Amino acid sequence: MSATTAQPEIPWVTSDIEITSSIDHNVQPARAYLAPDSAKRPMIVFLHAWSATYQQRLAPDVEQWAHDQHWHIMAPDFRGPSWNASSCASDLAIQDVLDAVAYARQHAAVDDSRIYLVGCSGGGHFAMMMAARHPLLWAGVSAWVGISDLAKWHAHCCQSDVEYIANYAKHIESTCGGKPGSSPAVDAQLARRSPITWLKPGLPCILDINAGIHDGHTGSVPISHSLEAFNAVADPADRIAPADIAIMTSERRIPDHLQAAPEDPAYGAKPVLFRRSSGRARVTIFAGGHELLQKPLRCWLEKLNDQR
């Protein structure tokens with residue numbers, strides 16, 4: 001979930017900038033490319049992973065493509081790694097993302113109808129939160145392998161014998177003030193910082209949720225988080241049965257009675273295993289793990305932008 005390896009080099013440089021919070025006036029760093037064109041351009045906002053910062057290059061190929069298309073790019077820090085009370089979908093961190101969008105609008109020609117949000121892992125958690133809390137800002141939100149329920153993720157991490165996963169439970173406790181169930185105040189914080197609390201049917205923005213079926217086994221976030229987030233925004237008739245979610249999550253397979261997955265060449269060697277849509281939301285389970293697939297993301301952005 002963190003940027004533990006060297007980030008890929010790309011042949012152009014984003015600028016480190018500083019943005020002052022409109023809530024507490026704390027100066028927050030960000031990484032940005034603001035296209036110099038006078039014509040209004042789309043913008044992608046990238047949200048870093050749980051243990052990373054704004055310096056993480058979440059999807060370098062997609063960044064390069066966006067740059068070549070003269071799109072604006074913004075990567076806010078939103079209070080850094082998600083292990084302190086000011087981060088992890090706090091009101092301060094949420095405002096930091098809103099302030100980053102406002103900064104871009106002030107300093108460049110941004111097409112307000114084509115602002116896209118992308119996050120993976122901890123950034124997927126935050127992307128789902130931003131979709132729920134501020135849906136009218138985004139033309140589309142792409143959330144990859146995100147956490148939808150902090151209390152449930154805490155329980156999963158506590159059961160893990162993998163050290164880095166077990167440590168996430170400590171991060172949650174540090175952020176929310178203690179273990180789930182230890183006090184009403186802690187439970188209130190866990191709920192307030194969990195997208196599942198805010199996601200509701202009839203979500204007005206496009207929300208595209210992706211998860212690799214092996215995540216939670218070879219990665220840190222069980223796919224139930226993505227499937228349950230979809231259920232939270234889906235019409236009742238479109239929801240995935242809890243028993244099917246349990247099978248997909250624990251057995252890493254798609255139940256035979258579910259509709260066959262559609263062909264989607266963008267996923268390449270990690271094909272779509274299950275897909276369901278409801279209203280403006282879609283969930284995809286692919287043959288992978290805890291990761292963001294750049295080609296499907298770029299194809300989704302291209303198609304979505306062409307439709308506007």
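The model is predicted: local features need pLDDT of at least 70, side-chain atom pairs count only at pLDDT 80 or more, and totals for chains, interfaces and linings use all residues. Residues are numbered from 1 along each chain as its sequence is written, and side-chain values use heavy atoms, with hydrogens and water left out. The protein chain contains 10 helices and nine strands; helices (H or I, at least four residues) and strands (E, at least two) are DSSP runs, numbered from the N terminus. With a radius of gyration of 18 Å, close to the 19 Å that the globule rule gives for 308 residues, the chain is as compact as a globular protein of that length. That radius is taken over C-alpha atoms, and the globule rule is 2.2 Å times the number of residues to the power 0.38.

**Overall form and surface**

- The C-alpha trace of the protein chain spans about 55 × 45 × 40 Å along its principal axes.
- Of the 308 residues, 57% are buried, where buried means under 20% relative accessible area, exposed over 50%, and partly exposed in between (1.4 Å probe, protein chains only).
- Among contacts with a separation of 6 or more, 71% are made by residues 24 or more positions apart; contact means heavy atoms within 4.5 Å.
- The accessible surface comes to about 12700 Å², and 50% of it belongs to carbon and sulfur atoms; areas come from the Shrake-Rupley method with a 1.4 Å probe, and for residues only the protein chains shown count as cover.
- The chain carries 26 positive and 32 negative side chains, and the centres of the two sets lie 4 Å apart. Lys and Arg count as positive and Asp and Glu as negative, while His and the chain ends are not counted; each charge is placed at NZ of Lys, CZ of Arg, CG of Asp or CD of Glu.

**Enclosed helices**

- Helix H1 (residues 60-68) is largely enclosed by the rest of the structure, because seven of its nine residues are buried.
- The buried residues of H1 include Glu 63, Trp 65 and His 67, and their cover includes strands E2 (27-33), E3 (41-47) and E4 (72-76) and helix H10 (294-306).
- Helix H8 (residues 224-233) is likewise largely enclosed, since nine of its 10 residues are buried; among them are Ser 224, His 225, Phe 230 and Asn 231.

- Ser 278 lies in strand E8 (residues 272-278) and counts as buried at 3% relative accessibility.
- The side chains of Ser 278 and Asp 238 are joined by a polar contact of 2.6 Å, a term for a pair of N or O atoms within 3.5 Å; within protein, one must be able to donate a hydrogen and the other to accept it, and residues adjacent in sequence count only if both atoms are side-chain atoms.
- Leaving aside neighbours within four places in sequence, the contacts of Ser 278 include Phe 230 and Ala 234.
- Ala 287, in the loop between strand E9 (281-286) and H10, is partly exposed at 25% relative accessibility.
- Ala 287 and Asp 215 are 72 residues apart in sequence and 9.8 Å apart in space, C-alpha to C-alpha.

**Positive phi angles**

- Most residues other than glycine have a negative phi.
- Cys 88 has a positive phi of about 55 degrees; this residue lies in the loop between E4 and helix H2 (91-107) and is buried at 2% relative accessibility.
- Ser 121 has a positive phi of about 65 degrees; its place is the loop between strand E5 (110-120) and helix H3 (122-133), and Ser 121 is buried at 2% relative accessibility.
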